[in-house]
Amino acid sequence: MTWSISVDTGSCLGSGICAGSRPDIFRFHGSYAETITGTLTPDEDILDLADTCPAAAILIRDESGAELAPRP
Amino acid sequence: MTAADQRVQDYPFNRPEGLDLAPAYGAARTAPGMIRVQLPFGEPAWLATRYDDARFVLGDRRFSRAASVDRDEPRVQFHRGSGGILAMDPPDHTRLRVLVASAFTVRRVERLRPRVREIADRLVADMRAAGSPTDLVEAFALPLPVQVICELLGVPAEDRHLFRAWSDGLLSTAALTAEEFARNDQELSAYMAGLVAQRREEPADDLMSALIAARADDVERLTERELVELCVGVLVAGHETTATQIPNFVHVLLTRPDRLAELRADPDLIPAAVEELMRFVPLGATSAFARYATEDVQVGAVLVRKGDPVLAAIGSANHDESRFPDAGRLRFDRESTAHLGFGHGAHHCLGAALARVELQEALRALLALPGLVEAGDPVWKTQMLVRGPRTLPVAWEER
């Protein structure tokens, strides 16, 4: 199973928390974060990071397209 | 370029009184690489003064905060606190941070805005009832963030006089003895542990109760000591900086009547003004929380050797002309708002969204005071890690 992951550059505030915490998944490009690949092996820690992104800019979906994070 | 090529300069550069950025930063930003500095205590360090270098060092995982624990960290005060999550690296850091961070996301904090607005408006009404002039710090700047963080965390705001003294002690650069510092630290922790014990018996709708529940769910995830340290960290960090930036922002605006008039004419500019003021005001009396290289890392022209500490000069980075043209001018129409006022990377300010809401609502409420002016010179803090007025006398037209 794989999840899809993306960063919405429209809402990203460039805090750098994601890239500073998990450089294997995120990197910093210009003033915004981006994902290194669009997919992800299921990882609870990344869900936590997406939940607590100050801009709620990290979107994670499962294979069916259901939104896993950010959770409200 | 390596450490051996460089003369070591005494640091910090900034004077504690006022909000000026020391001219030495301008010189450092045009130097070929980073510069070497020596603080009053601890080992010498590299100092990143340019925007790109500072952001890189703060955001790159090869720079560690956890490594500072075993080193003689560069600092302005003799004593050292435990550091809490500021002395940890991912993934340990992330494990603790996310427990608290969920209470501080933009979505959650926006729900608090009406309550923040209510408190700000009530404080302004109290100021008007008591009459002009008054000290903005005691009457408004301190009680607003204290009330907000107390309600969010679950600490009785009536205890303000108690934890203010302890909090001041933790953030002070004064020459406290090791015993004084330790006693202060222990008293605040004991106070918080007492509140945690109460909340465990009687949970409420607050962050402390949520953390207690998280520990009950999974005792491996959060130790009792970490729980108390997190609450102390949220309480201290959650009010001192905002309480300092409110009078800083007001002072900057009242001494620039054109900008003040612009905001009064168009209050929709307040969010942009808060971002610009976060960039413009060099809050720190010094740079702190050195990052230690865990391997050799090239930073601009400098090869930082494994084990070397690097400090990021945030106030200087925020005045880097290559990133912020006309950096010395306060203007609310900048395209780039990517300032480093809340830091950057894994340790980016946990409470940034809450601070923004508080600062925006503070300015909005204070702008409603007609003819607001300074009624005397601010008296500046001199022995704290953050710079700002200890007292700021203000007057307004009573109508």
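Angles between axes are classed as roughly parallel under 35 degrees, roughly antiparallel over 145, roughly perpendicular from 65 to 115 and oblique for the rest; the axes themselves are lines fitted to C-alpha atoms, for helices over the stretch in contact, and the angles run from 0 to 180 degrees between N-to-C directions. The structure is a predicted model, in which local features need a pLDDT of at least 70 and side-chain atom pairs count only at pLDDT 80 or more, whereas totals for chains, interfaces and linings use all residues. Residues are numbered from 1 along each chain as its sequence is written, and chains are lettered from A and ligands numbered from 1 in the order in which they are written. For the complex, the predictor gives an ipTM of 0.90 and a pTM of 0.94. Chain B has an average pLDDT of 93, with 98% of its residues scoring at least 70, pLDDT being the predictor's confidence in each residue on a scale from 0 to 100.

In chain B, helix α9 (residues 178-201) and helix α11 (residues 224-237) have axes that come within 9 Å and cross at roughly 110°, and α9(B) and α11(B) are therefore roughly perpendicular to each other. Helices (H or I, at least four residues) and strands (E, at least two) are DSSP runs numbered from the N terminus. The α9(B) side of this crossing is made by B:Leu188, B:Ser189, B:Met192, B:Ala193 and B:Val196, which meet B:Leu227, B:Val228, B:Cys231 and B:Val232 in α11(B); contact here requires C-beta atoms, placed from the backbone, to lie within 7 Å. By class, eight residues of this contact are nonpolar, one is polar and none is charged, where Ala, Val, Leu, Ile, Met, Phe, Trp, Tyr, Cys and Pro count as nonpolar, Asp, Glu, Lys and Arg as charged, and the others, Gly among them, as polar.

Chain A contains an open, antiparallel sheet of four strands in the order β4-β1-β5-β6, with β4 (39-40) and β6 (67-69) as the edge strands, each pairing on one side only. Two strands are taken to pair if DSSP finds at least two bridges between them, and two bridges join β5 (residues 58-61) of chain A to the antiparallel β6(A). Within the sheet, A:Arg61 stands opposite A:Glu67 in β6(A). Helix α2 (residues 44-52) of chain A lies across β4, β5 and β6 of that chain and runs at about 140° to β5(A).

The two chains meet through 19 residues of chain A and 20 residues of chain B. On the side of chain A that touches chain B, α1 (17-21) and α2 each supply at least two residues, and the largest share, five residues, comes from α2(A). That side of chain A divides into eight nonpolar, seven polar and four charged residues.

Several backbone features fall in loops. The peptide bond from B:Pro90 to B:Pro91 is cis, with omega near 5°, and B:Pro91 is placed between β4 (63-64) and α3 (92-101) of chain B. A cis bond also links B:Ser132 to B:Pro133, with omega near -5°, in the case of B:Pro133 in the loop between α5 (113-130) and β5 (134-135) of chain B. A:Ala56, in the loop between α2 and β5 of chain A, has a positive phi of about 50° although it is not a glycine. B:Phe289, in the loop between α14 (270-280) and β6 (291-293) of chain B, likewise is not a glycine but has a positive phi, of about 60°. A residue is buried if 20 or more other C-beta atoms, placed from the backbone, lie within 10 Å of its own, exposed if 12 or fewer do, and partly exposed in between; A:Ala56 is therefore buried, with 20 such atoms within 10 Å, and B:Phe289 is partly exposed, with 18 within 10 Å.
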